[in-house]
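Take a brisk walk through this structure.

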Amino acid sequence: MSVDQNTVRRIARLARIRVGEEELPRLESELNAILQWIEMLGEVNTDNVEPLTSVVAMKMKMRDDVVTDGAIPGLVTANAPKSDDNFFMVPKVVE
Amino acid sequence: MTELTRLTIAEARDALASKKASATELTNAYLSNMEKARPLNAYVVETPEQARDMAKASDARLAKGEAGALEGIPLGIKDLFATKGVHTQACSHVLDGFKPPYESTVTANLYRDGAVMLGKLNMDEFAMGSSNETSYYGNVINPWRRKGSNAALVPGGSSGGSAAAVAAELCAGATATDTGGSIRQPAAFTGTVGIKPTYGRCSRWGVIAFASSLDQAGPIARDVRDAAILLKSMASVDAKDTTSVDIPVPDYEKALTGDIRGLRVGIPKEYRPDGISAEISRLWDQGAEWLKKRGAEVVEVSLPHTKYALPAYYIVAPAEASSNLARYDGVRYGLRVDGDDITSLYENSRAEGFGREVKRRIMIGTYVLSAGYYDAYYVKAQKIRTLIKRDFDEAWKKVDVILTPATPSPAFAPGEITDPVQMYLNDIFTVTVNMAGLPGIAVPAGLSADGLPLGLQLIGKPFDEETLFRVAHVMEQDAGFTARADKWW
């Protein structure tokens with residue numbers, strides 16, 4: 001499988017990365033080189049093989065459903081580039 | 001004073017215990033080395049004040065006879081580990097100014113045992129790279145150079161700062177992480193020892209996530225004993241990481257018995273691809289010979305899906321990365337580049353904040369997870385992962401440990417490899433270990449014809465780091481690797 005410039009544009013949009021028109025040809029060829037190399041996996045018969053979900057056989061741990069942390073809004077927003085009164089500031093989302 | 005930085009962690013521990021040196025003297029010696037070694041660009045941030053405070057506290061505990069296992073030992077910390085109140089950016093522009101209000105479990109464990117932090121170490125951005133050329137803070141330069149040459153070489157990656165700092169005596173040991181080879185490959189390129197423990201051995205809490213099913217923390221150290229000492233402190237079960245495993249952490253140093261009689265060592269035939277360098281091939285044979293002479297039995301094994309591990313990795317790792325890195329949105333932390341609306345704020349911040357390699361991987365990951373391609377790519381890769389793990393499970397029926405080369409070549413020059421796929425091939429011998437969640441250790445075993453370090457890798461059964469340390473220790477003795485980089489900086 002390979003990608004064309006339209007697909008690159010679409011992936012960039014999905015990934016929320018602005019990509020300029022001038023960058024499209026380079027990205028197209030780089031992504032295709034990687035995808036072409038990955039094609040090699042097609043040689044492997046994976047019928048009746050279960051996909052791996054955990055490398056270490058272990059049971060999912062359970063813990064008590066209790067609050068272990070919180071009530072620290074100041075620390076949560078301390079690294080925000082824009083915040084006000086412990087709220088994150090974003091451009092207007094709802095008209 | 002500079003003599004102090006020659007000491008291994010084990011030697012420094014003895015010097016501190018017998019009052020031949022103080023923790024403050026030791027820390028100051030390293031701080032002075034760091035200052036002189038800035039051309040290597042191994043540290044992105046030095047924290048001398050904090051280091052001196054920590055050393056002073058260590059001296060107080062030493063005086064009271066309350067020394068921890070790493071009391072007063074100065075360490076460098078990879079920039080991927082969250083360190084409370086200290087620069088933590090995974091060497092990315094997108095995390096500009098980020099200072100976490102919490103400490104990673106691994107570094108907290110090290111401090112609990114008395115370790116001193118010297119600063120944050122350079123790395124490939126978000127641990128994506130094999131040459132430390134993708135850092136927002138510039139390349140790390142390998143302390144090693146080719147015989148008779150002044151040309152700069154890469155230290156490997158992504159833990160390039162960790163490896164260079166250990167090799168150049170800018171710390172007694174360093175934390176590192178390994179998703180596809182990021183501990184073992186730079187260790188091999190710098191003549192240091194690096195171990196990636198079994199997935200789940202160290203807590204990932206506070207380690208900035210790249211590919212969560214592959215990431216593991218581990219140490220880079222001067223020798224096998226030091227790596228054993230460091231891993232003992234770093235490893236723990238942790239309620240904050242449900243994938244950390246509740247198995248007691250052994251005293252790894254006790255495993256260094258020097259006795260490997262009767263041990264079965266596997267040599268995987270698939271690790272000798274066409275075009276492997278004759279030097280590396282010879283070193284590998286030599287390694288097997290050393291172990292045989294010590295009474296181990298060397299057996300050929302087959303890991304038939306080896307060649308598919310790397311392409312499968314380049315589906316799984318970018319897929320997980322695209323999801324993990326979705327959090328960098330310009331709102332909660334780091335770089336914000338404003339836009340007309342919320343979407344353009346995201347798009348602008350991420351376009352400016354991420355470097356080329358990171359963007360490439362996020363886009364590959366986004367593509368392979370997108371509607372219509374998920375089964376063909378992601379599920380297929382996870383199935384191949386099952387086959388890779390099965391190969392190892394079969395091998396463990398015949399052998400206790402597997403010996404392979406660590407890298408297909410010695411260190412190369414910055415800018416020498418520009419094709420992404422060529423760069424990815426650096427991890428050809430290490431990536432299978434991550435895909436199967438196994439422990440692997442790189443040990444310096446010899447020098448190339450032009451005088452550069454070459455490493456061998458030992459792969460172990462899950463949670464059998466003790467056997468890895470035991471065999472690595474024997475190999476280290478027989479290799480007698482004492483060469484050091486000439487101090488040109």
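How much area is buried between chain B and chain A, and what share do carbon and sulfur atoms give? About 5300 Å² is buried between them, and carbon and sulfur atoms give 70% of that. Buried area here is the accessible area (1.4 Å probe) that two parts lose on being put together, summed over both. The size of an interface is often given in this way, as the accessible area lost when the parts come together.

This is a predicted model, in which local features need pLDDT of at least 70 and side-chain atom pairs count only at pLDDT 80 or more, while totals for chains, interfaces and linings use all residues. Residues are numbered from 1 along each chain as its sequence is written, chains are lettered from A and ligands numbered from 1 in the order in which they are written, and side-chain values use heavy atoms, with hydrogens and water left out.

Chain B brings 70 residues to the contact and chain A brings 51 residues. Contact means heavy atoms within 4.5 Å. On the chain B side, B:Glu347, B:Met363 and B:Tyr367 lose the most area to chain A, together 13% of what that side buries.

B:Glu347 also forms a salt bridge with A:Arg18. Their closest N and O atoms are 3.7 Å apart. The count between the two chains is five salt bridges. The term covers a side-chain nitrogen of Lys or Arg within 4 Å of a carboxyl oxygen of Asp or Glu.

Which helix gives the most to the side of chain B that touches chain A? H12(B) does, with 12 residues. By class, that side has 35 nonpolar, 18 polar and 17 charged residues. Ala, Val, Leu, Ile, Met, Phe, Trp, Tyr, Cys and Pro count as nonpolar, Asp, Glu, Lys and Arg as charged, and the others, Gly among them, as polar.

One residue of helix H12 of chain B is B:Thr386. B:Thr386 counts as buried because its relative accessibility is 13%. Buried means under 20% relative accessible area, exposed over 50%, partly exposed in between (1.4 Å probe, protein chains only). Leaving aside neighbours within four places in sequence, B:Thr386 is in contact with A:Val49, A:Glu50, A:Pro51 and A:Leu52.

Now turn to strand S5 (residues 193-196) of chain B. B:Val193 and B:Ile195 point one way from this strand, B:Gly194 and B:Lys196 the other way, and all are buried. Helices (H or I, at least four residues) and strands (E, at least two) are DSSP runs, numbered from the N terminus. Two bridges join S5(B) to strand S6 (residues 216-221), running antiparallel. There B:Gly194 stands opposite B:Ile220.

How values were computed
Pairing = 2+ DSSP bridges.
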